[in-house]
Amino acid sequence: MKRREFIGATAGAFALCGCDASAPAIEGGFTGIDVARGHALRDGLLRSDGPVQARRTRVVIAGGGVAGLAAARALRLGGIDDFALLELEDTAGGNSRGGAVEGIACPLGAHYLPAPGDDATEVQDLLEELGLRQRVAGRWEYDERHLCHSPQERLFIGGEWQDGLLPVNSIGEATLAQYRRFAAQVDRLQHEAKFSIPTLKAPLSATLLALDAVSFGAWLDGLGLDDRYLRWYLDYCCRDDYGAGLTQVSAWAGIHYFASRHGFHAPGDDSGERDAVLTWPEGNGWLTRRLAAPLGERLHAAQAVVRIAETRAGVEVDSFDLASHSVVRWQAEHCIVALPVFIAVRVIEGPPELLRHAAAHLRYAPWLVANVHLRAPLADRRGPAPSWDNVVYGTAGLGYVDARHQSLDPTPGPTVMSWYRPLGPSGYDGPDGRRRLLDRPWAAWRDDLLAELSVPHPDFAAQATRIDITRYGHAMAIPSPGLLGAGASSMARSLVRSGRLLFAHADWSGYSIFEEAFTRGHLAASALLA
């Protein structure tokens, strides 16, 4: 579908669903993240005359995202129970939290975890602990109830659905030839250098640094890989994992997306293997809830860390209690700083050079996640059956996932569709994505969603009853060109440390996925145990 045809189609759909006075009203609003808390912290408004109370503990973990939860688990399993985890929001989990709309569980952020490879031993151990995999006859097997059910993904293009997300319907020989050329490049680079998840398991070789030095778009240009279908797909992949387009991320990031897993396979390549994916109705919130559950009173929610300082005796951490509007001063031997780099550099007194250097080089992509409650199954176009992941070609959004796809109940009924919309710089968005995310009203995002998804589903607006939108102003670090070479990500270091402060966050890997955050948190805590 050409851009002009898509705009015409969406405009027509919007006229039918967004402006039809007879259409049922759709309730909703912003939820999930308290944006005002983050801005109050940024603006220095979370202050009091001084700490109202002082508390002692052996280790303070600042930040309750995946890295902080992983650090808490490692301490607990290692025999250290005297610690406190401080989290800004009302629940822990960071970008991997779950929620519910009209009683149906759904993700508020990350919604899947690929089956980890051999380098992600820390994540593998977690999955074994949670009963998600076990060794049978000498081989690891996953509990199939948690693996993504088939059909897994489909793409709406040319007025119909096709299986898979790489455009294959009605493509010409020229497009197929470019698919094969790109596949050959990925295969070549996989043999020249190691691409690993987590990234700290791969040495920064000359090949990786050369890829890091240029944008993915420029690298593709240099090879003459300009096919519109290939470029759309690769841009989609970059926006999906990094929140920004292929001209904004490094060639290392673009290749890493494929080379760190099963590569890239052109249509007809029978050796292609699709990654096994673990997913749940609430997305990765299923994992973070289980990581948080054993912590009990050691998890302190609604706590804004406003100051971290090393002292002669150890570390002081001041947290603003959002319930009592008072400051608690924590005195500890060490602090695991599981905060995003841009926050850590603000709250640490006399931030070390490695932190200031990282903060100067990292950029972040804003994101929006909309969970739409539907009263009944949607009308569908021709092609493969409804899948877990459903993408519309050529749109600003990344498509939607169905929260009930994992259900073993075949009875059609209400469900929740989670629509993902990255707002980092790309061909769809400029540099003002964060401002647009915060300034636009809920109704404007509702109308964008309805216009986009009504193209494959003309009855989408009529079936929708509620839309809850979660906004992330700094959802993930963007692996921009030069980030590895600048040393800002400390990607080759298994531990980022300064005195009594140990840093643990996906930011230190240069991009945000569960495996990176979990491994960083686990290794920081393991250093204290050692």
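User: At roughly what angle do the axes of helix H4 (residues 121-129) and helix H16 (residues 514-529) cross?

Analyst: This is a predicted model, where local features need pLDDT of at least 70, side-chain atom pairs count only at pLDDT 80 or more, and totals for chains, interfaces and linings use all residues. Residues are numbered from 1 along each chain as its sequence is written, and side-chain values use heavy atoms, leaving out hydrogens and water. Helices are DSSP runs of H or I, at least four residues, and strands runs of E, at least two, numbered from the N terminus; axes are lines fitted to C-alpha atoms, for helices over the stretch in contact, with angles from 0 to 180 degrees between N-to-C directions. The H4 and H16 axes come within 8 Å and cross at roughly 95°.

User: Are H4 and H16 roughly parallel or roughly perpendicular to each other?

Analyst: Angles of 65 to 115 degrees count as roughly perpendicular. The axes cross at roughly 95°. H4 and H16 are therefore roughly perpendicular.

User: Which residues in H4 meet H16?

Analyst: Contact means heavy atoms within 4.5 Å. On the H16 side stand Phe514, Glu515, Phe518, Thr519, His522 and Leu523. Their partners in H4 are Glu122, Val123 and Leu126.

User: Which strands are the edge strands of the open sheet of eight strands?

Analyst: Two strands pair if DSSP finds at least two bridges between them. The order is S1-S22-S18-S21-S20-S19-S10-S11, with mixed pairing. Pairing on one side only marks the edge strands, S1 (27-30) and S11 (160-163).

User: Which residue in S19 stands opposite phenylalanine 156?

Analyst: Strand S10 (residues 153-157) pairs with strand S19 (residues 389-392) in the parallel sense, over four bridges. Opposite phenylalanine 156 stands valine 392.

Conventions
Angles under 35 degrees count as roughly parallel, over 145 as roughly antiparallel, 65 to 115 as roughly perpendicular and the rest as oblique.
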